[in-house]
Structure formats: structure tokens, C-alpha cells
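Have the viewer open while you read.

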Amino acid sequence: MKKRLFPFVFICVLFCAVLCGCTRYELTEFFALDTFVTITAEKPNGDVLKKAEKLVKDYEDKLSVTKDGSEIKRLNESGTLTLSEEVAALMKLSLSACERTDGALDITVYPLVKAWGFTVGEKKVPSSEELSSLLPLVGYENVTVTGNAFTLENGTELDLGAVAKGYITDKLVKLFKENDVKNALISLGGNVYVAGKYGGRDWNVGIKSPFGDGKAFCGVKLSDKAVVTSGQYQRFFEENGKVYGHIIDPATGVPVDNEFSSVTVIGENGFWCDALSTALFVMGKDKALEFYGEHGDFDFILIMKDGSVAISEGIKDAFSLADENTPLTVIKRSDKN
Ligand code: ADP
Ligand code: MG
């Protein structure tokens, strides 16, 4: 019996050794920022993955809108606060993103987010009276800045939920560069960054189907890029047969319900991709394509409710569909400006 077992054990050990030789990737997974965080890195030296987890959790402590003691929560509670150098810089960057997107992204949307029961409380459709009373509170011009001192006028409140994960992704990329990790995959919920290569090739990033079938809808081969997806299909509730998602149109106070099922933005910088994926989602197709024509420093994948998809020309050759029969339009920037 022992004799027969030996070759079997040997083959198993050999197989494992070969596998370990190939898979030099290490993985860490944890829950933070109200989502599952997965970080895979090739040959991470020392405790760089532990440092990565600490970095994410430290930023959550500073930026969360619900955690006691966070700078954002303290500012919301007191209405005026001098922020730390870094959070102040992020706030200024976020305000510039609100301006650049003409208020489609608006970090003062929190009174509305709360009224609809996202983040805190019970999810519900607010009365039209409640919405009309809250709309004047929303508007990034209600934030005044003097140095690093921020004041919230008219009782508004801030929420960096639409940009924080992208910003933190950029900090993880920096940490990996400093620690000589060249190849890595960072995923903070819908916020992904692929650094370097996987097995010598570009990473193939799957974009989840927004139609609830748990499959990938399409894939895009990338290196050193952020890939950020916004949609209403993960955080939502249903009332009287209607679906209400967590991305709110700051102009109307109501969750966005347009032709998009999901919007993915691809670019160098996680913060901007996160800001733009939310903002383009709010804009809707026509305005989003106009914005692309004007700015164009990013790529996109727009999955429509009717099952069709539009992509920017920059990712045409890297893009693949799970179902070849999906109607696909490639948008040229020159057609839009
Ligand atoms: P996720 O946080 O799921 O990755 P987004 O980046 O699109 O998705 O951000 C959505 C979150 O941002 C919401 O949960 C809410 O807290 C906040 N938010 C909702 N609508 C807006 C908006 N128009 N502008 C800025 N923030 C918003
Ligand atoms: Mg976003």
C-alpha cells in the first residue's frame, strides 16, 4: 500500500511545486468602505499587503460619512472645520470635479442620499415636499473654502462616496510603486486598477453584467489603468414595482433612471475615473458623449438598458464581448466635438 502511495504523493508534491512556481501572486481580501476589497500582487515584498489593508482602513477612518470621528463626519456635524492637509486637498480636487462635470457629480448630495435611505436609515421614497425642502441644501457652491478651513452653508452635508474609492486606489498604486510591486490587481468594489501585467500579458478586466445574471458582459485588456464602474444594479431598492438606485441626480433629487445600465470609465487616474463614472451616469447618453467630445482624456464602456453597448475608440482593439451578437457602437471623439 505504502509503495503505491509514494508515486502518487510525489506527483502531487511535484504538481504543487510547479503550481507555486507559476503562481507568484499573493492575495488579500477584506471588507472596508462598505464593499469587498481584493488585492492581488506579484511577489509582494515583506508586509506590503498588510500595509495596503492598513492604508485602505486609515482612509476609511478619515473619509467615511458615517464613521464617528472621521473628518467628513465632523465637518458635517459642525458645519465648519479646518481639515488635515490631505483631506483638504482631496476636498478641493472633488470640488473641481463637481465644477468640471457641471454639477452632475455633486459632493453635497448627502441630504438627498439620507432622505432616500442610502448609507443610513431605511430605504424609502421621500415625499415631494421633503425633496423640495432638501434641494436648496444641495449644490457644491454651498461649500466655502479658506485655506484648509471648510464651511458648509445652508445646512448642506458632504459625501465623498462617489470619489473616495478611486482616490484610495491611487494611493495603493503609489504604495506598490514605492515597494517595487510592478504587477497587481486592486479591486475596491466597482473600482479596479490593473498595474503592470499578468503572466507577461495585459490584464483582462471583466465588466460584470448589470442584468443580474452574475456573468461578465465584456472584457477589456489593459495595463496600468483604472477601470471604474457605476450602476444602479448593486445598491438599490424596489417600491411599487419601481427600482431606485443610489446614484442621485442633484438637479432633481431623484435617483437616476436613464438609458444606462452601467457606465465604466477607463483612464490613468482612479480618482478621475471614479468621479466621471458617477457623473456620466447622471448625465445620460447624449450629455455624456458631448462631455467625452469636449474632454476625451478617458475611455468608456456604456452598457444600455436595452442590452446594447457603446465604447470609445481608444479601447476598440482591447475590447471583447461575452456574447458576440451584442449590438456594439464604437464612438469616435472627432464625431462628438
Ligand atoms: P460606488 O460608491 O458604488 O462605487 P459611485 O462611485 O457611483 O458608486 O458613487 C455613488 C455614491 O456616491 C452613492 O452611494 C452616494 O453616496 C454618492 N452619490 C450619489 N449620487 C451622487 C452624485 N450625483 N454626485 C456625487 N455623489 C453621489
Ligand atoms: Mg464614482
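Predicted model: local features only at pLDDT ≥ 70, side-chain atom pairs only at ≥ 80, totals over all residues.

Residues are numbered from 1 along each chain as its sequence is written, chains are lettered from A and ligands numbered from 1 in the order in which they are written, and side-chain values use heavy atoms, leaving out hydrogens and water.

Let's start with the metal. The magnesium ion (ligand 2) is held by A162 (O), D274 (O), D274 (OD) and T278 (OG1) at 2.1 to 2.4 Å. Donors here are N, O and S atoms within 2.8 Å of the metal (3.2 Å for Na, K and Ca), and since water is not among the atoms, sites may look incomplete. A162 sits in the loop between β5 and α7 (164-178), while T278 belongs to helix α8 (residues 270-283), so this pair ties together parts that are 116 residues apart in sequence. T278 is buried at a relative accessible area of 13% (buried is under 20%, exposed over 50%, partly exposed in between, with a 1.4 Å probe and protein chains only).

T278 turns up again at ligand 1: of the 19 residues around that ligand, D159, S230, H246, I248 and T278 come nearest (near means a heavy atom within 4 Å).

| Residue | Atom on the residue | Distance |
|---|---|---|
| G161 | backbone N or O | 3.4 Å |
| A162 | polar backbone atom | 3.3 Å |
| K165 | side-chain N or O | 3.1 Å |

Pairing takes at least two DSSP bridges. One open sheet of 3 strands goes β3-β5-β4, with antiparallel pairing. β3 (80-82) and β4 (143-146) are at the edges with a single partner strand each, so one side of each has no neighbour in the sheet. β4 and β5 (residues 149-152) share 4 bridges, and V145 has F150 as its bridge partner.

Elsewhere, β6 (residues 184-188) has 4 of its 5 residues buried. It pairs antiparallel with β2 (residues 35-42) over 5 bridges, with T40 opposite L185. β6 also pairs antiparallel with β7 (residues 191-195), again through 5 bridges. β6 and β7 make a hairpin with 2 residues between them, and G189 in the turn has a positive phi of about 60°.

Technical notes. Polar contact = N/O pair within 3.5 Å; in protein donor to acceptor, adjacent residues only side chain to side chain.
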